[in-house]
Structures are given as C-alpha cells and as structure tokens.
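Reader: I'd like to learn how to read a fold from its contacts and strands. Could you walk me through one, starting with a single residue?

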Amino acid sequence: MHRRKFIGISVAGAFASIASATGTRPDPPQGVSTPEEQQDSPQGKIRTYYVAADEVEWDYAPGSINGFTGKPFEGVAANFVNSGPHRIGKVYRKAVYREYTDDTFRHLKPRSSEDAYLGILGPSLRAEVGDTIRVVFKNNASRPYSMHPHGVFYDKASEGALYHDGVPMAKKPGGAVPPGGGNVYTWPVPERAGPGPNDPSSVGWLYHSHVEEMRDTDSGLAGFISVTRRGMARPDGTPKDVDREFFSLYLMYNENQSWYLEHNINTYCGDPKGVNKLKSGPLIEGTTFKTSNFMCAINGYLYCTMPLMAARQGKRVRWYVATMGDFNNYHTAHWHGNTVLLNGSRTDVLSLAPAQTLTVDMVPDNPGIWLYHCHVSGHMEMGMDVYYQILA
Ligand SMILES: [Cu+2]
C-alpha cells in the first residue's frame with residue numbers, strides 16, 4: 001500500500017513538472033543547478049537532468065603513446081589504434097549522451113577535471129530513494145535513439161524501449177525519439193531501486209539507448225545511475241559516507257555493428273573501396289579490418305590513455321563497475337595495489353556479465369599509481385587497461 005501511494009504521487013508530481021520543461025526561461029549560468037534540480041516534494045527531490053544524444057568523433061586513445069608501455073603503439077596495439085588503408089584506427093564517429101545546462105540545449109554542462117575519466121559515458125544520474133529522476137532528452141543525432149534505465153521505476157512512456165506488449169506506440173513516446181525530437185523521461189526511485197540489505201549506501205545502475213539495443217550501445221550510448229539509501233545523499237546526490245566515487249564501463253565495442261561504420265570507413269580508411277568488411281581472423285590480434293574494429297575499452301579508453309582517476313589514502317572510495325554488449329563482454333575487473341569489499345566479501349577481481357553492475361567499496365592503504373584492468377588476458381592485450389592513483 002505504501003509503495004503504491006508513493007508511486008502514484010511521485011508520477012503525478014513529475015508529470016506536473018514536465019509542463020514546466022516546455023516553457024521558456026533564461027539560461028542559467030553554466031554549471032549552476034536550475035531550481036528544478038533542487039525541487040523538494042513530500043516524497044523527495046525531483047532531480048532534473050538535460051541530456052542529449054550527440055554525435056562526436058571519439059578518440060579511443062588520445063595522444064600518440066601507449067600509456068601502458070610508455071612507447072608508441074606497436075604490435076597488437078598498433079592493429080587496433082593506428083589507421084591505414086584498411087584500418088579505421090583510434091578515432092570513430094560515435095553517439096554519446098551529454099549533459100546540458102537547460103532545456104535550450106545550447107550549453108554543454110562543463111565536466112569537471114575530476115570527472116574527465118568518465119570519457120564516453122553519459123552524465124552520472126543521481127538520486128536518493130524517494131526521489132524522482134527526470135531526464136529532459138533531446139536527440140541531436142541522425143537516427144532514432146532512446147534512454148532506457150535499469151533499476152528505477154518507469155511506466156511505458158518512460159521505459160525507453162519498444163516491443164510487442166499490446167500498448168499503442170503513441171503511449172510510448174520515449175521508445176524511439178526521432179532525430180531532432182525530444183522526450184521527458186520520468187523515473188521514480190522506490191525502495192527497490194535503492195540499496196538492498198547487503199549493499200553499501202548506494203547502488204549503481206546502467207542507462208542506455210534501446211531502439212536497436214545492440215547497435216545503439218556499440219555506437220556509444222550508455223551511462224550510469226547511482227541511487228543512495230534514504231537519508232544517505234548529499235544535496236548533489238552523492239552518498240554521504242563516501243569520499244570519492246568512480247564509474248567504469250568495461251565494454252568491447254564492436255564497431256562493425258555501429259550505425260556509423262560506413263562513415264568511419266569513408267572518413268578514416270585510406271582505401272575505403274578496398275576494405276573487406278567480412279574477412280575475420282583471431283580476435284585479439286586485430287589483423288583484419290573486422291577484428292581491428294573490436295575496441296576493448298574502459299569508459300571508451302584503450303591502453304591506459306584514460307584521464308587519471310585519483311582518490312585519497314584512508315578514505316572510502318566507491319566503485320560502480322559494469323559491462324554491456326555481446327558474448328565477448330565477460331570481464332574480470334582487477335585492481336592492482338588495493339582491494340575492495342563486494343557485499344561484505346573481500347576481493348580484488350569482479351566477474352562481470354553483460355549489463356551487470358556491481359558496487360564495491362575500497363579504503364585504499366597503498367598510495368601510488370596502480371593498474372586497473374580487465375584480467376581476461378586477451379582483453380588486456382587489446383587495451384582494456386587504465387590507471388588509478390591513490391594520493392598519500
Ligand atoms: Cu574483459
């Protein structure tokens with residue numbers, strides 16, 4: 001009974017505020033919360049985010065140095081990173097979720113240097129149990145996309161996915177937002193979206209595009225949600241008992257499935273007409289066009305080129321770790337230098353299956369710059385390696 005009441009009131013409240021999203025208002029200063037982001041209701045805050053699907057040219061390995069070896073890319077790494085007559089290289093057109101300051105979608109919300117490591121991920125959407133996440137979505141891309149969340153509550157209008165469920169398409173406007181179109185997703189956050197009895201004070205979830213799920217996510221559209229236990233969120237939604245949070249998505253992007261494959265061939269291959277899209281070979285060697293397009297990334301970065309993640313010794317660090325994608329995406333996330341607690345059990349390796357998210361805590365006792373990587377050996381070779389730093 002309590003839950004039904006909660007959901008009814010929250011959805012009604014969120015719908016009331018959808019109307020305000022369509023009105024006009026002056027631009028808020030960049031990086032400053034709009035009033036809606038701080039809006040309180042008896043059920044909790046309505047947390048509004050302005051998110052667009054944007055097409056960008058994404059660099060999987062910024063710079064010219066393999067961060068793992070400290071030398072130019074060579075050997076297997078060169079097959080995945082260097083462009084050539086029949087190689088796209090390390091820059092691909094992709095679609096990404098990006099946060100804007102307001103519903104005019106004129107100004108990107110600046111990403112702090114602390115968050116630079118998020119890379120290809122969309123903004124981290126935050127809530128406390130009892131809140132409602134409201135996403136004003138704009139599709140700036142050239143094909144239909146959506147936002148489908150895991151964990152939180154949604155009705156059919158806000159599920160962000162279309163299938164044969166007997167509900168008229170007109171009642172599922174969030175299922176496929178056309179190019180240039182928009183949608184407001186309303187996601188109440190009931191108890192079952194928050195931490196369970198064995199979880200820490202917050203849990204992570206994924207969100208991603210689900211029009212053609214496989215190709216949409218290989219094209220780049222994904223991000224994280226974090227939900228704290230009731231009473232455990234700071235005003236900005238971060239958990240009160242945590243000093244630093246890190247989100248990491250282990251994902252071997254199959255660029256052969258990207259919506260932008262033809263663009264990428266024509267733009268980045270020296271001899272586009274000579275490309276053989278079908279010839280395969282050993283995956284981890286990247287010796288054919290096809291295998292060279294499996295980009296084994298963490299937050300979209302290969303070979304330790306991710307901006308450094310830094311946290312402090314002796315403080316609580318929370319890691320949200322996930323993967324997505326196909327059968328190639330079974331990953332074992334491994335920390336050098338420190339260990340984590342997973343639901344009360346100690347480990348330094350997490351086993352991840354597609355679309356699974358794990359939330360673990362670290363209290364680092366070991367300062368330095370440490371490797372954080374997939375321990376599936378082929379994936380390490382393919383570049384699924386980054387660094388994190390513990391400051392003394
Ligand atoms: Cu892996």
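**Reading the fold, piece by piece**

Author: Let's start with Leu302: leaving out residues up to four places away in sequence, Leu302 touches Tyr60, Ala61, Phe80, Val81, Met295, Cys296, Ala297 and Gly383. Contact here has a cut-off: the C-beta atoms of two residues, placed from the backbone, lie within 7 Å. Keep in mind that this is a predicted model, where local features need pLDDT of at least 70, side-chain atom pairs count only at pLDDT 80 or more, and totals for chains, interfaces and linings use all residues. Numbering runs from 1 along each chain as its sequence is written.

Reader: What is the mean pLDDT of the protein?

Author: pLDDT is the predictor's confidence in each residue, from 0 to 100. The protein's mean is 90, and 89% of its residues reach 70 or more. Residues 1-38 are a stretch to treat separately: pLDDT stays under 50 there, and the model has 51 contacts beyond four places in sequence for them.

Reader: Back to Leu302. Which residues have the most contacts inside the largest nonpolar core?

Author: A nonpolar core is a set of buried Ala, Val, Leu, Ile, Met, Phe, Trp, Tyr and Cys residues joined through C-beta atoms within 7 Å. Buried means that 20 or more other C-beta atoms lie within 10 Å of a residue's own; 12 or fewer is exposed, and in between is partly exposed. The largest core here has 93 residues, and Ala297 and Leu302 have the most contacts inside it. Across the protein, buried residues make up 47% of the 392 residues.

Reader: Is Tyr387 buried or partly exposed, and what about Leu341?

Author: Tyr387, in strand β22 (residues 385-391), counts as buried because it has 21 C-beta neighbours inside 10 Å. Beyond four places in sequence, its contacts are Cys304, Leu308, Ile369, Trp370, Leu371 and Tyr372.

Reader: How many helices and strands does the protein have?

Author: Helices (H or I, at least four residues) and strands (E, at least two) are DSSP runs, numbered from the N terminus. The protein has 5 helices and 22 strands.

Reader: In what order do the 5 strands of the open sheet come?

Author: Strands of a sheet pair through backbone hydrogen bonds, either parallel or antiparallel. Two strands count as paired if DSSP finds at least two bridges between them. Here the order is β14-β22-β21-β16-β19, with mixed pairing. At the edges are β14 (309-312) and β19 (349-352), each pairing on one side only. Inside this sheet, β16 (residues 331-335) and β21 (residues 368-374) run antiparallel over 3 bridges, and Trp335 stands opposite Tyr372 in β21.

Reader: Which strands form the open sheet of 4?

Author: That one reads β6-β11-β10-β8, again with mixed pairing. Its edges are β6 (125-128) and β8 (148-149). A parallel pair is β6 with β11 (residues 222-228), joined by 4 bridges; Arg126 stands opposite Ser226 in β11.

Reader: Why is strand β5 described as largely enclosed?

Author: Strand β5 (residues 91-100) is largely enclosed by the rest of the structure because 7 of its 10 residues are buried. Strand β2 (residues 44-59) runs antiparallel to β5, and 10 bridges join them. One example is Val56, whose bridge partner in β5 is Lys94.
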